[in-house]
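Biologist: Before we talk about details, please show me the model, and tell me how far its numbers can be taken.

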Amino acid sequence: MSYRYMRIIVMFDLPVVTVSDRRAYTQFRKYLIKNGFLMLQESVYCKLAQNSTAADLIINNIRKNKPPSGLVQTLKITEKQFSRMEYIVGESKSEVLDTDERIVFL
């Protein structure tokens, strides 16, 4: 089976005016982190998927867990496109292992 790794980028702008808005924001952000998304920037998260079908399932799960108000956008790109990201100012953070390589401990 051939894998074509994909990246799902989630960008969101959610209101935090009321207590219920802040609660919805916190729940959505925790949902993303719990499901393996990594923060690229504030309100921009990214996750690696094995193929386009798996990426579509991830996006459907985001739809099911969306907050009641605000803006949530997803972008599905290939790993090759993601690797061509250019850093104009700043640099990549490597605090978390974010790779498709398999680790085997014997």
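Biologist: Which residue in strand 4 is the bridge partner of Asp-13?

Modeller: This is a predicted model, in which local features need pLDDT of at least 70 and side-chain atom pairs count only at pLDDT 80 or more, while totals for chains, interfaces and linings use all residues. Residues are numbered from 1 along each chain as its sequence is written, and side-chain values use heavy atoms, with hydrogens and water left out. Strand 1 (residues 6-13) and strand 4 run antiparallel and are joined by 8 bridges, where strands (E, at least two residues) and helices (H or I, at least four) are DSSP runs numbered from the N terminus, and two strands pair if DSSP finds at least two bridges between them. Within this pairing, the bridge partner of Asp-13 is Leu-71.

Biologist: In what order do the 4 strands stand in the open sheet?

Modeller: Strand 1 pairs with strand 4 over 8 bridges and with strand 3 over 6 bridges, again in the antiparallel sense, while strand 2 and strand 3 pair over 3 bridges. Strand 2 (38-41) and strand 4 (71-78) each have a single partner strand, so they stand at the edges and one side of each is left without a neighbour in the sheet. On average, neighbouring strands of this sheet are turned by 30 degrees against each other, direction ignored. With antiparallel pairing, the sheet is open and its order is 2-3-1-4.

Biologist: At about what angle to strand 4 does helix 2 run?

Modeller: The chain has 3 helices and 4 strands, which follow one another along the sequence as β-α-β-β-α-β-α. Helix 1 (residues 19-34) lies across strand 1, strand 3 (44-49) and strand 4, and runs at about 170 degrees to strand 1; axes here are lines fitted to C-alpha atoms, for helices over the stretch in contact, with angles from 0 to 180 degrees between N-to-C directions. Helix 2 (residues 52-64) lies across strand 1, strand 3 and strand 4 as well, and its angle to strand 4 is about 175 degrees.

Biologist: How many residues apart in sequence are the parts tied together by Glu-79 and Arg-7?

Modeller: The side chains of Glu-79 and Arg-7 meet in a salt bridge at 2.6 Å, N to O, the criterion being a side-chain nitrogen of Lys or Arg within 4 Å of a carboxyl oxygen of Asp or Glu. Arg-7 counts as buried because its relative accessibility is 3%, whereas Glu-79, at 21%, counts as partly exposed; buried means under 20% relative accessible area, exposed over 50%, and partly exposed in between (1.4 Å probe, protein chains only). Since Glu-79 lies in helix 3 and Arg-7 in strand 1, the parts they tie together are separated in sequence by 72 residues.

Biologist: With which residue does Asp-56 form a salt bridge?

Modeller: A search of the whole structure finds 2 salt bridges. In the one formed by Asp-56, the closest N and O atoms are 2.7 Å apart, and the pair links helix 2 to strand 4 across 20 residues. Asp-56 is partly exposed at a relative accessible area of 36%, and its partner is Lys-76.

Biologist: Is Thr-78 buried or exposed?

Modeller: Thr-78 is found in strand 4. Leaving aside its neighbours within four places in sequence, Thr-78 is in contact (heavy atoms within 4.5 Å) with Arg-4, Tyr-5 and Met-6. Its relative accessibility is 11%, and Thr-78 therefore counts as buried.

Biologist: About how much accessible area do Leu-40, Met-85 and Tyr-87 have together?

Modeller: These residues form a nonpolar patch on the surface, a patch being made of residues with over 30% relative accessible area and no salt bridge, with like charges joined within 9 Å and nonpolar side chains (Val, Leu, Ile, Met, Phe, Trp, Tyr) within 5 Å. Tyr-87, in the segment after helix 3 (79-83), counts as partly exposed at 43% relative accessibility. Areas come from the Shrake-Rupley method with a 1.4 Å probe, and for residues only the protein chains shown count as cover. Together, Leu-40, Met-85 and Tyr-87 have about 270 Å².
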